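Please look over the sequence and the three-dimensional structure shown below before reading on. The report after them describes a few places in the chain with some care.

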Amino acid sequence: FPVTILGEISLYFASGRAGYKLDNDHAKLFLFGSHTEDDFGAYTKYSLISAGYGDRLYQGDGISIDAEIGPGYYTGKNSSDITEKGALVRTAGSLDWVISDSATFRQLLSLEAGSDNKRTQSETSVSARINGSMQMKAAFTVQHDSDVPASKKNTDTQTSLTLVYTF
């Protein structure tokens with residue numbers, strides 16, 4: 001749950017995913033949900049739930065590509081205090097590349113298309129194991145909303161560096 005608090009301005013994000021593996025090695029049914037509260041963004045509140053089908057499209061020498069698609073429902077309140085809600089179609093994909101025994105590259109991309117807005121999110125990251133219990137992740141995230149109030153930009157970016165200690 002990333003939380004950023006700068007004075008009175010804050011960003012809260014939480015998401016969850018459940019999956020049911022089908023007979024195929026990587027085929028699955030999934031349930032995905034997320035909630036965002038963002039004083040910076042075009043939408044101050046944005047929640048969605050989606051269910052659908054996912055599968056592995058490619059597996060090669062250290063590289064795998066997965067995709068999923070399904071219907072869902074969203075509700076959002078934009079910075080002009082207008083509430084939007086309705087059905088959506090959510091598609092997502094990921095590319096994972098194991099660079100070495102201690103480093104991994106990942107590209108995540110998702111599109112949530114509803115009648116009021118189309119939200120595209122991309123996260124590019126590199127993870128590296130520093131030692132047996134410490135790992136580092138550097139990431140760059142881009143979020144684009146097609147329909148935003150005139151006072152807001154369509155695209156938000158975030159750069160992060162995360163250290164994880166496992167015990």
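Predicted model: local features only at pLDDT ≥ 70, side-chain atom pairs only at ≥ 80, totals over all residues.

Residues are numbered from 1 along each chain as its sequence is written, and side-chain values use heavy atoms, with hydrogens and water left out.

## Salt bridges

Side chains of opposite charge can pair when their charged atoms come close. A salt bridge is defined here as a side-chain nitrogen of Lys or Arg within 4 Å of a carboxyl oxygen of Asp or Glu, and by this rule the count comes to nine salt bridges. The table sets out some of them.

| Pair | N to O distance |
|---|---|
| Glu 68 and Lys 28 | 3.9 Å |
| Glu 68 and Arg 90 | 3.2 Å |
| Lys 77 and Asp 81 | 3.3 Å |

Glu 68 takes part in a salt bridge with Lys 28 and in a salt bridge with Arg 90. Strands (E, at least two residues) and helices (H or I, at least four) are DSSP runs, numbered from the N terminus.

In the salt bridge of Lys 77 with Asp 81, Lys 77 is partly exposed at 27% and Asp 81 is exposed at 54%. Salt bridges that share partners join Arg 17, Lys 28, Glu 68, Arg 90 and Glu 112 into one network.

## The nonpolar core

A nonpolar core is a set of buried Ala, Val, Leu, Ile, Met, Phe, Trp, Tyr and Cys residues joined through side-chain atoms within 4.5 Å. The largest one has nine residues, namely Phe 30, Phe 32, Ala 42, Tyr 43, Tyr 46, Leu 48, Tyr 74, Leu 88 and Val 148. E3 and E4 are the elements that give two or more residues to this core, and E4 supplies the largest share, three residues.

Contact means heavy atoms within 4.5 Å. Apart from its neighbours within four places in sequence, Leu 48 is in contact with several residues, among them Phe 32, Tyr 74 and Leu 88, which also belong to the core.

## Closed and open spaces

On a 1 Å grid over the protein atoms alone, a cavity is a set of points where a 1.4 Å probe fits but cannot get out, and a pocket is an open set with protein on both sides within 12 Å along at least five of seven lines; lining residues have an atom within 4 Å of a point. There is one cavity of 30 Å³ or more, and about 50 Å³ of space lies in the largest cavity. The lining of this cavity includes Ala 42, Tyr 43 and Tyr 46, which are also members of the nonpolar core.

The largest pocket has a volume of about 1,500 Å³. Its lining has 50 residues, of which Phe 13, Leu 108, Gln 121, Glu 123 and Thr 141 lie nearest the centre of the pocket.

## Two single residues

Ser 102 is found in the loop between strand E6 (83-100) and strand E7 (103-114), and at 34% relative accessibility Ser 102 counts as partly exposed. Leaving aside neighbours within four places in sequence, Ser 102 is in contact with Ser 127, Ala 128 and Arg 129. Thr 83, by comparison, is found in strand E6 and touches Thr 75, Gly 76 and Lys 77, not counting residues up to four places away in sequence.

How values were computed
Buried < 20%, exposed > 50% of the residue type's maximum accessible area, 1.4 Å probe, protein only. Points joined across faces, edges and corners; volume = space filled by probe spheres on them.
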